[in-house]
Amino acid sequence: MTEASKRRLRLGMVGGGEGAFIGEVHRFAARLDDHYELVAGALSSQSDKAERSAQALGITRSYVDFEEMARQESEREDGIEVVSIVTPNHLHAPVAMAFLKCGIHVICDKPLTATLEEAEALYQAAEASQAQFLLTHNYSAYPMVREARAMVKAGKLGNIRSIQVEYVQDWLTEPLEQTGNKQATWRSDPAQSGIAGCMGDIGSHAYQLACFVANTQAKEVLADLSSWGEGRQLDDEANILMRFKNGAKGSLWASQVAPGNENALSLRIYGDKAGIEWRQESPNELIYSVLGEPSQRLRRGNGYLSEAATLVSRIPSGHPEGYLEAFANLYAEFAEQLLSSTFNPDLPTLATGLHGMRFISASVLSSQRNGQWVSLED
């Protein structure tokens with residue numbers, strides 16, 4: 001942060017009460033660089049749970065209704081300046097709209113909304129607001145991901161030909177949603193998750209990572225979505241072919257039913273000069289392979305890296321940085337953007353989220369049409 005912008009932003013949170021995973025992650029991220037102070041929240045729609053959660057976090061202004069929170073906080077002289085939305089997907093759009101209308105900046109977990117129609121309506125509503133929007137695709141804020149993006153933009157790979165991305169887990173191999181598991185229950189419920197399951201949860205991350213590093217977007221997709229879990233209404237695996245605007249071709253495999261995989265997000269990009277490979281489970285390393293030369297293992301925290309990677313590294317090389325720090329990088333960069341009035345092109349925006357929902361929607365439609373190519377540009 002610059003000297004002029006070293007003050008804490010007053011932060012509120014919607015969702016993220018007791019038992020919630022992602023809410024705690026966002027709170028860690030907000031605290032790590034000390035740019036935010038959590039002062040208000042509608043942590044649950046159940047009054048007793050909301051109050052218990054607020055007390056546990058030392059929050060003095062607790063609400064049950066997010067619309068009431070937006071209204072009251074916008075009228076207070078010491079009201080929140082930013083709200084963090086960490087609810088199930090079906091609430092992203094209404095909560096974001098409520099706060100944008102009140103001029104309060106929004107940090108929202110991905111995917112942007114439950115449906116493409118909601119995303120388009122939210123995008124239009126945001127145009128009438130002075131508030132800014134951050135979508136927390138945290139994997140784009142790892143130092144070595146920023147290095148990979150810088151290398152692509154500098155032409156070190158040459159003309160990009162192939163983009164291969166995977167995000168593979170095994171936690172839904174068994175029907176956890178039938179055991180009362182909170183995270184599995186809402187992610188498997190179309191009323192809360194939206195039109196996609198695995199695709200909205202982790203496929204959206206994989207796609208945004210590929211687009212971010214390769215500095216392009218898909219123009220059409222051919223998808224085959226599967227629901228392997230017994231009685232499961234939404235996809236738990238996706239196999240997708242992609243044609244990109246820059247002429248590259250690629251594939252995306254996302255699965256939550258692949259035994260032996262914990263959080264195996266990986267990206268491989270190949271041009272006519274070189275290729276790169278990054279794996280989230282070894283996030284401090286980027287493999288760079290120039291045609292005809294031995295592969296190099298670039299490591300986080302070293303002086304040979306670009307400024308883009310150095311700016312989001314906190315500690316010397318050899319010390320691991322990962323998931324929480326990447327989330328915190330987004331929070332810190334958004335704070336800097338808000339307080340210094342400078343635009344950061346590396347931050348995922350509302351437009352990023354809208355395109356992501358077009359990708360999800362096109363993938364679902366392609367699968368419903370038995371694997372037809374579907375355009376994202378219609």
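Mentor: Let's start with the word cavity: on a 1 Å grid over the protein atoms alone, it is a set of points where a 1.4 Å probe fits but cannot get out, and a residue counts as lining if it has an atom within 4 Å of a point. Before we look, keep in mind that the model is predicted: local features need pLDDT of at least 70, side-chain atom pairs count only at pLDDT 80 or more, and totals for chains, interfaces and linings use all residues. Residues are numbered from 1 along each chain as its sequence is written, and side-chain values use heavy atoms, with hydrogens and water left out.

Searching the whole structure turns up three cavities of 30 Å³ or more. The second largest cavity has Asn89, Pro111, Thr113, Ala114, Ser193, Gly194, Ile195, Ala196, Gly200, Met357 and Ile360 around it. Its volume is about 40 Å³, where a volume is the space filled by probe spheres set on the grid points, and points are joined across faces, edges and corners. Sort that lining by class and you get six nonpolar, five polar and no charged residues. Here Ala, Val, Leu, Ile, Met, Phe, Trp, Tyr, Cys and Pro count as nonpolar, Asp, Glu, Lys and Arg as charged, and the others, Gly among them, as polar.

Now move to the largest cavity, which holds about 60 Å³ of space. The lining there is made up of Leu172, Arg187, Ser188, Gly197, Cys198, Asp201, Arg232, Leu234, Asp235 and Gln256. That list splits into three nonpolar, three polar and four charged residues.

Pockets come next. A pocket is an open set of points with protein on both sides within 12 Å along at least five of seven lines. The largest pocket has a volume of about 610 Å³. It has 30 lining residues, and Gly15, Leu43, Thr87, Pro88 and Leu91 are those nearest its centre. Strand S1 (9-15), helix H1 (21-32) and helix H7 (182-187) each put at least two residues into that lining; in these names, helices (H or I, at least four residues) and strands (E, at least two) are DSSP runs, numbered from the N terminus. H7 contributes the most, with five residues. By class, the lining has twelve nonpolar, 13 polar and five charged residues.

The second largest pocket takes in about 490 Å³. Of its 21 lining residues, Arg146, Leu311, Val312, Glu333 and Asn344 sit nearest the centre. Helix H6 (143-153) and helix H11 (323-340) are the elements that give two or more residues to it, with H11 giving the most at five. This lining counts seven nonpolar, six polar and eight charged residues.

Arginine 268 and glutamate 166 form one, 3.6 Å from N to O. Arginine 268 is in strand S11 (residues 264-271) and glutamate 166 in strand S7 (residues 160-168), so this pair ties together parts 102 residues apart in sequence. Arginine 268 is buried at 18% relative accessible area, whereas glutamate 166 is partly exposed at 23%; buried means under 20%, exposed over 50% and partly exposed in between (1.4 Å probe, protein chains only). Glutamate 220 and arginine 243 meet in another salt bridge, at 3.1 Å from N to O. That pair links glutamate 220 in strand S8 (residues 218-226) with arginine 243 in strand S9 (residues 237-244), 23 residues apart.

How values were computed. A salt bridge is a side-chain nitrogen of Lys or Arg within 4 Å of a carboxyl oxygen of Asp or Glu.
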